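Let's take a friendly walk through a protein fold. Have the sequence and the 3D view ready, and follow along one piece at a time.

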Amino acid sequence: MERETIAVLDFGSQYTQLIARKIRELKVFSIILPYNTTVSELKRYNLKGIILSGGPASVYIQGAPSGDVRIFDLDIPILGICYGTQWIIHILNGKVKRAQKQEYGSAELIIMDFLNLFWGITGTMEVWMSYGDIIEELPEGFEIIGITANSPYAAIRNPERQIYCLQFHPEVTRTPLGKEIIANFLFDRICGCSPNWLIESFIDEKIEEIRSKVGTSRAICGLSGSVDSSTAAVLAHYAIGKNLTCIFIDNGLLRKREKEMIIRAFKDSLKIELVYVDAKDEFLKVLSGITDPKEKRKRIEHKLIEVFEREARKVDGVEFLIQGTLYPDIIENERVSRYSAKIKVYHNGDWFPNTMNFKPIEPFKELFNDEVREIALQLGLPDEIVYRQSFPSSGLAIRIIGEVNEKNLSILKEADSIIQDEIEKNGLYRDIWQSFAVMLPGKSVGVTGDERIYGNVIAIRAVVSTDGMTTEWAELPYEILGKMATRIVNEVPSINRVVYDITPKPPGTIEWE
Ligand code: XMP
């Protein structure tokens, strides 16, 4: 029997992947499809339910995204969320209008029926509202099952046609019991799915997919040492073995011992074909005299493109580029789909240029960081890669406030490795999102022996976070901070002052540049 599937039709919400993720956590297979996927395409899956995501548009404007109305005749339960809800109401001849007061924030949902969607939840629950439009009139056959102070139709259903509609987002953590609602939709109460989908099946499927796509041709993979590109490389290695070539460009901006760690893991342990490119001098040359952070990033990116192209050309018959892109990278970088709001930051540390138009293979583009970590563990990657902290593609260059040169790099690498060493020794590595040293410009006075000397200043940065989007400074014990500072001033020549950065993000950022 083909596996049970929940289709999530994407109307462009930035939360669509969170819906899919919650479903995966509940061990049911889900697939995200464009909002206008036709019923005949949907019939290719063993569909047990359909979820219509939210989205930024309004149903009553011209050209608003609209799905295939025949989904209502499939006799499969449907759950609408925000825009998905409004589209259902609009199509089934109810009325949706612009809300006089738009609502973005928490609200208390008063539950009026506990039979199916709200089974097991008692009384009221906190929900996350985010809408500009509201339902004015329900279509025939619909009844109210939940209200909030501002939304008389916050949760409605048509029991006969098995349609459930929510005006709030059950998929976000700000709806603390949202997962229970999704579980009620998936299992016995509504869709009747069985919780039997596992990450192992995902791995098997992706291996099969890569194998059949690449066949006897060749794929390359740019390795940065990050968990994402490393896991993508190992997955591809299991799929196509010798037909994979990995390229590791050493830009000289890596942390101490990273190069050795990557070579040891890939070449020596996993026996993956790895091309090591020592491009340190080339990168240092383009960075010479540059202090502007944007300019540093730009130059590093251009150099990376140049070196990667040059090296890729040396590999015969490459047709595919394996990339470890994750869903948060996509959402941070570009539009998720035609209708999603743009949230731009910059590419993540795992980015490798596809300027030669290789066919991209991105096995993790729907996954989140911790899901890839789980895959990495299953595939047997070493802990030092699985739990490696995020690291910017511009590397240590953006942790030297000022000019990047060999001398500054070696000072920073030493100080940075002391911080890492103390974090690891004290068993804190996995509790911390990122921890590192930053080299500050200018000098500060210090006394060595009887002499007053001017030395460099190092800032320690250590933050805790669940997603890197918002962070708090890590409350490292004083003894550990003290130990780091003492070691840095004693062991790293030219450093005579150490400070600790206690800025949260926002308004600060993790990196200093
Ligand atoms: P911020 O400093 O904006 O960083 O709080 C968020 C995350 O992004 C990483 N970062 C970069 N990654 N190229 C990258 O690939 C960059 O130029 C860059 N700058 C910051 C940062 O380390 C953190 O994980």
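## A helix tucked inside

Helix 1 (residues 16-25) is largely enclosed by the rest of the structure, because eight of its 10 residues are buried. Keep in mind as you look that this is a predicted model. The buried residues of helix 1 are T16, Q17, I19, A20, R21, K22, I23 and R24. After helix 1 comes K27, which has a positive phi, near 65°.

## Where two helices cross

Now bring helix 4 (residues 178-186) into view. The axes of helix 1 and helix 4 come within 10 Å and cross at roughly 70°. That makes helix 1 roughly perpendicular to helix 4, and their crossing is right-handed.

Which residues of helix 1 and helix 4 meet? On the helix 1 side they are K22, I23 and E25, and on the helix 4 side they are K179, I182 and L186.

Next, find the open sheet of nine strands, whose order is 2-1-3-4-9-8-7-5-6 and whose pairing is mixed. Strand 2 (29-34) and strand 6 (124-137) are the edge strands, and each pairs on one side only. Ignoring direction, neighbouring strands of this sheet are turned by 25° against each other on average. As a reminder, strands of a sheet pair through backbone hydrogen bonds, either parallel or antiparallel.

Zoom in on strand 3 (residues 46-52) and strand 4 (residues 78-81), which pair in the parallel sense over three bridges. Here I51 stands opposite L79 in strand 4. Helix 3 (residues 83-91) runs at about 115° to strand 4. Helix 3 lies across several strands, including strand 3, strand 5 (95-111), strand 8 (155-158) and strand 9 (163-166).

## A closer look at strand 10

Is strand 10 (residues 218-223) mostly covered or mostly uncovered? Strand 10 is mostly covered, with six of its six residues buried. In a regular strand the side chains alternate between the two faces of the sheet. Both faces of strand 10 are covered: R218, I220 and G222 are buried on one side, and A219, C221 and L223 are buried on the other.

How many bridges join strand 10 to strand 13 (residues 318-322)? There are four, and the two strands run parallel. R218 stands opposite V318 in strand 13. Strand 10 also pairs with strand 11 (residues 244-250), in the parallel sense, over five bridges. In strand 11, A219 stands opposite L244, and T245 is the bridge partner of I220.

Note on methods
Residues numbered from 1 in each chain as written. Predicted model: local features only at pLDDT ≥ 70, side-chain atom pairs only at ≥ 80, totals over all residues. Heavy atoms only, no water. Pairing = 2+ DSSP bridges. Axes fitted to C-alpha atoms, helices over the stretch in contact; angles between N-to-C directions. Contact = heavy atoms within 4.5 Å. Buried < 20%, exposed > 50% of the residue type's maximum accessible area, 1.4 Å probe, protein only. Parallel < 35°, antiparallel > 145°, perpendicular 65-115°, else oblique. Left-handed = near helix turned anticlockwise from the far one by under 90°.
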